[in-house]
Every structure is written in structure tokens, then in C-alpha cells.
Amino acid sequence: MNDRPPKSLHVIGGKGSGGAERFAVRLIDALARRGESVAAVTVAGGEIARTIAPAVRQYHAPMLGSWDRWSRWKINRAIADFRPDVVQTYMGRATRIVHLPRGRLPVHLARLGGFYNLKGYRHAHAWVGNTHGIRDYLVENGLPPERVFHLGNFADTPGRVPADRLDALRAEYDLADGRVVLGLGRLHPNKGWADLLHAFAQLPDALGGRPLHLAMVGDGPLRAELEQLAVALGIAARVRWAGWQQDPAPWYQLADAFVCASVHEPLGNVILEAWANRVPIVSTRAQGPLELMRDGETGLLVPVGDPAGMAAAIQRMLESDAAVRARMTEAGAAEIERHYSERAIVSAYVDLYAALRGAAASR
């Protein structure tokens with residue numbers, strides 16, 4: 001019987017920081033805070049490497065692609081040095097690089113946050129999807145069900161941001177007297193940003209005598225195109241472009257409504273983050289939000305690709321009675337506590353690592 005807590009090595013490529021990367025950092029840091037033995041392989045100098053807590057041991061590899069033998073050698077050296085029970089990879093690049101022998105430790109656990117082509121994932125030893133839908137997809141596409149697991153994400157649960165900090169942010173972006181609709185995430189086609197801009201263009205300039213603004217928090221390949229669209233729609237003066245923000249909590253907490261406009265969203269970390277920050281949510285019925293949310297209880301759901309419907313829902317949310325809005329935000333916060341808390345998700349991962357180690361040892 002091996003009573004030693006399991007050791008995990010987390011491998012994640014790329015230099016940027018999107019939803020999967022932010023969750024990887026949260027999980028790694030949470031494991032370290034809990035006292036688990038954890039290390040990471042990251043790209044030197046990247047956002048992920050800089051963000052992980054200094055107490056976590058890090059190794060580095062460029063992870064340029066599946067053909068990158070230098071990175072594979074570097075990762076194997078990290079495995080030999082750290083001697084983990086589980087090597088957990090995130091997304092396709094890291095997963096394709098890591099190839100480990102079957103039937104002995106360490107176990108290769110691939111984490112998937114989307115409905116990806118599985119060609120680059122089948123060589124792993126076990127798989128975890130962060131939604132029930134992704135787990136079902138993996139099994140339906142031929143992965144052995146006894147080695148496919150579902151573990152959700154957890155969101156940071158920040159305290160309330162001091163009022164003077166929110167006031168300073170409002171002043172910096174000329175939002176002091178207005179109401180704020182928030183869009184937050186990578187500026188990528190999957191996120192439905194054009195639909196959000198079209199929806200916002202259908203809203204009045206002011207509600208309840210207060211100007212209405214749209215805050216776009218994030219960066220990505222569509223930035224210039226979306227700025228041009230805002231000009232074409234005649235709303236450029238009402239849109240604030242804040243770029244990438246390492247700490248999004250102040251933006252969530254100054255917003256009057258958060259909008260997830262995604263046309264494709266396997267989970268929706270932003271939904272969890274919005275709940276954790278107690279901001280009312282309007283979201284499309286993409287896969288993840290539809291699994292997470294209950295329409296009218298934890299937020300409002302609208303069809304994908306329907307700017308008019310989105311505009312109507314945003315206005316409905318903003319004009320709702322304060323008690324109705326508070327009821328939705330508290331219901332969302334309760335979902336975090338019941339199903340998506342750090343304590344619950346980290347414990348589930350540690351239990352999974354121990355089970356995978358035990359199964360490998362018994363072979």
C-alpha cells in the first residue's frame with residue numbers, strides 16, 4: 001500500500017494566457033498551497049511561467065510542436081528529476097510532445113477543455129474532460145470509459161475589491177457616471193465578439209438616465225477588426241478597450257452585467273469567474289454555459305448568433321429589480337461553492353492521481 005501523497009508534473013505549452021492556461025496556473029498553485037508535491041514544465045519567459053507561484057518548482061522547454069525532440073528530451077529530463085506519479089498535459093501541443101511507456105509510472109493524464117480532434121491525444125494513458133459533454137465525447141470517440149474522467153474547473157473566489165480601486169478604474173476609463181456591460185476573454189472568433197458589438201449597438205445610449213458603456217477586456221487576433229466594427233456601428237465612443245488584464249476581478253465587480261457571447265464554448269471559465277465575483281450574467285446557449293447555467297435562476301440564456309436576442313436580454317437584466325439581480329448572483333455563487341470550489345476540485349484531482357498511481361502499480 002502506497003500512502004505517500006501522489007506527485008504530479010504539469011506540462012503546458014504556449015506563452016500566452018487563456019482560459020486553459022489560467023486554470024492550469026490555478027490548479028498548480030492550489031495543489032502547492034495544499035502541500036501536495038507538484039511541479040510544472042512551461043515555456044521560459046512566458047506568461048504562464050511568470051504567473052505560477054514562486055514556490056512551485058518549474059522546468060522549461062520551448063514546446064514548439066510534436067516534432068520538437070529537444071522539448072521531449074527536456075520534459076523527459078524533468079520527469080527523471082522530479083519522478084512524478086502523474087504527468088498531466090494541457091491542450092494539444094504539450095500532449096503531443098509527451099509520450100510515456102504504458103504499464104508503469106508515471107501515468108500520462110491528458111486534460112481536455114474542448115471537443116478537439118483526438119488524433120494527438122489517443123496515446124495518453126487516461127483523460128479528463130472539464131464538462132460532462134466533453135467526457136461523453138471522448139468515450140463516444142473510442143477512448144476506454146474506465147480511463148476517461150470528468151472533473152470541472154474551479155474559479156478564484158476573490159474578496160470584494162476596495163471601492164477606491166473601482167472608483168480609480170472608472171475614472172481611468174471614463175466610466176464614472178455610467179453603467180457597464182462587460183465582455184472579457186481572448187479576442188478570438190469563437191467568443192462571438194462581433195455579435196456582442198452588434199447587440200450593444202441595439203441598446204440605448206443610456207438607461208435610467210445613466211450612460212451605457214461596453215468594456216472589452218482582453219486581447220487577441222481580432223482586436224483591430226473589432227475596433228473597426230465598433231466605428232462602423234457608431235458605438236466607438238461608448239466602447240472601452242482595456243486589453244489583457246492579469247487580474248480581472250475589478251472589471252467583473254464594477255460591471256452591471258457580464259456577457260458571454262461565445263458561439264463555441266466547451267465550458268466557460270468566464271461564467272465561473274463572473275459567479276465568483278457576483279456579477280449578473282447574460283450568456284449564449286453554447287455547450288458549456290448551457291451545462292453550467294439555469295436560465296432565469298443563475299443568469300439569462302440566449303440563442304447563439306442572435307444579437308437582437310442578446311440585446312433584449314442585456315436590457316432586461318439591467319432593468320431588472322435589484323432583488324432579482326441579487327438573487328441570480330447569489331445563486332451563481334452558491335453553484336461555485338457546491339460544485340466548483342477550489343477545495344472540491346483540488347481534492348478530486350488528488351484522488352484521481354492516487355487512483356491512477358494505484359492502477360498502474362497493480363498491473
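Colleague: Where is Arg-278 found, and why does Arg-278 count as partly exposed?
Modeller: Arg-278 is found in the loop between α10 and β13 (281–284), where helices (H or I, at least four residues) and strands (E, at least two) are DSSP runs numbered from the N terminus. This is a predicted model, in which local features need pLDDT of at least 70 and side-chain atom pairs count only at pLDDT 80 or more, while totals for chains, interfaces and linings use all residues. Residues are numbered from 1 along each chain as its sequence is written, and side-chain values use heavy atoms, with hydrogens and water left out. Buried means under 20% relative accessible area, exposed over 50% and partly exposed in between (1.4 Å probe, protein chains only), so Arg-278, at 39%, counts as partly exposed. Although Arg-278 is not a glycine, its phi is positive, about 60°.

Colleague: What makes Arg-83 exposed?
Modeller: Its relative accessible area is 65%, and Arg-83 is therefore classed as exposed. Arg-83 lies in the loop between α3 (69–82) and β4 (86–90), and its phi, near 55°, is positive in a residue other than glycine.

Colleague: Why does Glu-265 count as buried, and with which side chain does the side chain of Glu-265 make a polar contact?
Modeller: Glu-265, which lies in the loop between β12 and α10, has a relative accessibility of 8% and therefore counts as buried. Its side chain pairs with that of Ser-262 at 2.8 Å; a polar contact is a pair of N or O atoms within 3.5 Å, where within protein one must be able to donate a hydrogen and the other to accept it, and residues adjacent in sequence count only if both atoms are side-chain atoms.

Colleague: Why are α1 and α14 called roughly perpendicular?
Modeller: The axes of α1 (residues 19–33) and α14 (residues 342–361) come within 10 Å and cross at roughly 80°; axes are lines fitted to C-alpha atoms, for helices over the stretch in contact, with angles running from 0 to 180 degrees between N-to-C directions. Angles under 35 degrees count as roughly parallel, over 145 as roughly antiparallel, 65 to 115 as roughly perpendicular and the rest as oblique, so α1 and α14 are roughly perpendicular to each other.

Colleague: How do you know that the peptide bond from Leu-105 to Pro-106 is cis?
Modeller: The omega of this bond is near 0°, and Pro-106 is found in the loop between α4 (91–97) and β5 (107–112).
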